[in-house]
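Reader: I'm new to this one. Could you walk me through how to read it?

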Amino acid sequence: MPAERRFGMDHEHYDWSPISKRGILRWPDNARVAVCVIVDLDHPEWQPPEDSFTTPFAGGLSARSFPDYARLGHREYGHRVGIFRVLDVLEKHGIKPTVAIDAMTAENYPYLVQHCLDRGAEIIGHGVALTRMITSNMTEEAERAYIAQSVDALTSATGSAPAGWLGPEYGESSRTPQLLSQAGIRYVCDWVNDEQPYPLKSPHGEIFALPVMSELDDVVALWDRRVNIGRYQQLIEDGFDVLYQDGQQNGRLLALNLHPWLIGQPFRIGYLDRALSHIMRREGVWAASGSEIVDWYRNNPPTA
Amino acid sequence: MPLPPDRVDYSPIIDRPPIKWPNGARVALWIAPNVEHYEYEPEFDGHRDPWPRTPYPDVQAYSYRDYGNRVGFWRMLEVLDKHNIRCCVSLNMAVLEHFPEVGEAMMQRDYDFMSHGIYNTRYLNTYTEEQEREFYRDTIDTLKRHTGKQLKGMLGPAISGTERTPDLMAEAGLIYHTDWMHDDQPVPIKVKSGKLVSVPYSIELNDAPLFRQHYEGDYFAEICKAQFDQLYQEGAESGRVMCIALHPYLTGQPHRAKYLDEILGYIMSHDGVWQTTADDIADYYIANYYDQAVDHASRING
C-alpha cells in the first residue's frame, strides 16, 4: 500500500522517533556502547522448492546452473571451519555470541548446535534455510507455518525456544513482526535503522527491534560492496569510536552481523580479531547477547 | 542539435563571457543533502522498481534508508553546523509531513529547499502532462505550507523526469533544474515560457553512487578536495559551481561523518568561496548572466 501523507511512519510496526529527541538510554554500569555480535549459520539447499524465494546473490556467488557445488560449498565452509575461528575470537574478547541458526542447520548439524551451546552462545531463530526467505509472496498461513518450523527446530535442538530472530537475508513480509511475536519471539534484528533498540508494535505481546549496523554486516561490506578487509577493520573501529563518543550522552548499540563462511576465512579472521581488540580494550563497553541487551532495555527504558 | 532534445545551445566553457560571483569568489559551493523518504510498500510504475531485491516490502533496504531520518541526519547536522554550512536540501516533500522534527531542524538553520519530488519511490517518468502539472502544484504548496518558502528548483524525484519536465517546471514558476550535470557553470535551458537554468548538481561527488561501490569516506574526501582544487584554480578566470551531494543514511553513518568534516574544513579554509545554495546561484545567474549567455550561445551556434 503506497504511503499516506501524514505524521509518522508509513506502516504500523513502530513509531517515528528521531534519536536527537529521545530520552537517555543508560546501559549497565553506565557503559557507553552495548556490543552484540550475531553470527549467522545459514544452510543453502541443494535444490530449493520451486515456490521458495532468495536473493540472486545469496550464498556468495551469482547463480550457476544446477548443480552449483561452489555456491553451496562456499557457505558450507562456514559450518565446517569458519564458525570455530569466529567463536574462538569472540571468546578471546569475552563476547558472548548470539548465533542465528536456521531450521535446516539445526536439524542437520547437531554437533554444531551443541558446540555453540557449549560455548555459551544464545541461539536465535534464522528462518528455515538461506534459500527460503520470508517475503510477501507467502500467505499468512504459510508464513506462520514457516516461523513455527524454525522455532520448533531450534526448540528441539537446543531444549529451549529462541527469544530472538533474524530472517534469512533480512527478509520479511508486511506481517512478520506480529507473527514472530505471536510465536513467542521477543526481539527482531531485521530492521537496520537505528543505534538503539526500540519497541515494535504487536497485539500479541512485547517485541523489540535490535538493529544491526547494516554497513558493518560482513556480507554487505565485503561481499556486496567489495570493501577490502583492512578497510573493513577500519570501518568497525571508526564506527565504534563515534558510537563510543556519542554513547557518553546517550547509550548506543553496535550490533555486528557476521557470516562464518566469509569472515571465518583464514586471511580475514585476524582483522576481526584486531577490530574487536580495539573495541574491547576500552572501558564502558558492555558486550552482551541479544536477549541480555533487549531485557536491559525493556527494564530500563530511556528516560527524559 | 548538439544535445537533444534542443533544450541547450552548445557553449564551450573556454569561450564564454566570464562569470564573476559575489565578492569576487572563485567557486560557488553548494551542499545538497538529499533528505528523503522511501516508501515501505510503494506502487511499482511498471518501469523502475524501487525495491528490486525482493517482493515489497524490502525491510533491509527500507530500514537502511530510514536510518537516515532517525539517526544519520542528526549526526550529519553536527558536522554541517560546525562549518556553518547553509544547505540547499534536495527534499522529498512528504518528509515535512511524516517527520516534522527533521523539517524544523532544517528551518531553524534557514536552509533552502529544492524539490526532490514527494517520495523517492515515486518517479515522474510515467506521469501524464496533467499529473505532472498537479505534481508541481503539490510540491510548491507543500513547501510553502510547511516552511513559508517559495519553491525555485528541482532535482527530479530519484532523478526522474519526462520530456515535458523543463517546460512544466518553468510554467509552474520554477527557475532551476539540477538533473543535467553537463557543465561547471549554470546554463540556460530552453523552455516554452519563462526562464529556466541548469545549476550543476553532482552524480560524482555524491555519496550514494560512491558508497554502493567499494570506495569509502577517505576516497570521497580525496575526490572532493581534488575537485575543489581544480575548480578553484579555474575559477580565478571565470566563476565555477561545485556541488557536494549527500545522503544522511550514508554520510551520517558513524564511520563516515568525519570525512565530511575533513572535506568542509579543507574547502572552507580558502578565501574566495561563496558558500551558497542552488536557489541563490540561480537567482544571481539569471539576474546577471542569463541574457548574455543566450546571446553568446546564439553567436557560437551561428
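**Reading the two chains**

Author: Let's start with burial in chain B: 55% of its 302 residues count as buried. Keep in mind that this is a predicted model.

Reader: And how much of chain A counts as buried?

Author: For chain A the share is 53% of 304 residues.

Reader: What is chain B built from, in helices and strands?

Author: Chain B has 11 helices and 9 strands.

Reader: Then how many helices and strands does chain A have?

Author: Chain A has 10 helices and 9 strands. Its radius of gyration is 19 Å, close to the 19 Å from the globule rule for 304 residues, so chain A is as compact as a globular protein of that length. Along the principal axes, the C-alpha trace of chain A spans about 55 × 45 × 40 Å.

Reader: How many residues are in contact between chain A and chain B?

Author: On chain A there are 41, and they are in contact with 36 residues of chain B. Sorted by class, the side of chain A that touches chain B has 15 nonpolar, 13 polar and 13 charged residues.

Reader: Now a pair of helices. At what angle do helix 7 and helix 9 of chain A cross?

Author: Look at residues 229-246 for helix 7 of chain A and residues 266-280 for helix 9 of chain A: their axes come within 9 Å and cross at roughly 15 degrees. Angles under 35 degrees count as roughly parallel, so helix 7 of chain A is roughly parallel to helix 9 of chain A. The crossing is right-handed.

Reader: Which residues make that contact?

Author: Helix 7 of chain A brings several, including Ile229(A), Tyr232(A), Ile236(A) and Phe240(A). From helix 9 of chain A come, among them, Arg268(A), Tyr271(A), Ala275(A) and Ile279(A). By class, this contact has 7 nonpolar, 3 polar and 3 charged residues.

Definitions and conventions
Residues are numbered from 1 along each chain as its sequence is written. Chains are lettered from A and ligands numbered from 1 in the order in which they are written. This is a predicted model: local features need pLDDT of at least 70, side-chain atom pairs count only at pLDDT 80 or more; totals for chains, interfaces and linings use all residues. Axes are lines fitted to C-alpha atoms, for helices over the stretch in contact, and angles run from 0 to 180 degrees between N-to-C directions. Helices (H or I, at least four residues) and strands (E, at least two) are DSSP runs, numbered from the N terminus. Angles under 35 degrees count as roughly parallel, over 145 as roughly antiparallel, 65 to 115 as roughly perpendicular and the rest as oblique. A crossing is left-handed if the near helix is turned anticlockwise from the far one by less than a right angle, and right-handed if clockwise. Two residues are in contact if their C-beta atoms, placed from the backbone, lie within 7 Å. Ala, Val, Leu, Ile, Met, Phe, Trp, Tyr, Cys and Pro count as nonpolar, Asp, Glu, Lys and Arg as charged, and the others, Gly among them, as polar. A residue is buried if 20 or more other C-beta atoms lie within 10 Å of its own, exposed if 12 or fewer, and partly exposed in between; C-beta atoms are placed from the backbone. The radius of gyration is taken over C-alpha atoms; the globule rule is 2.2 Å times the number of residues to the power 0.38.
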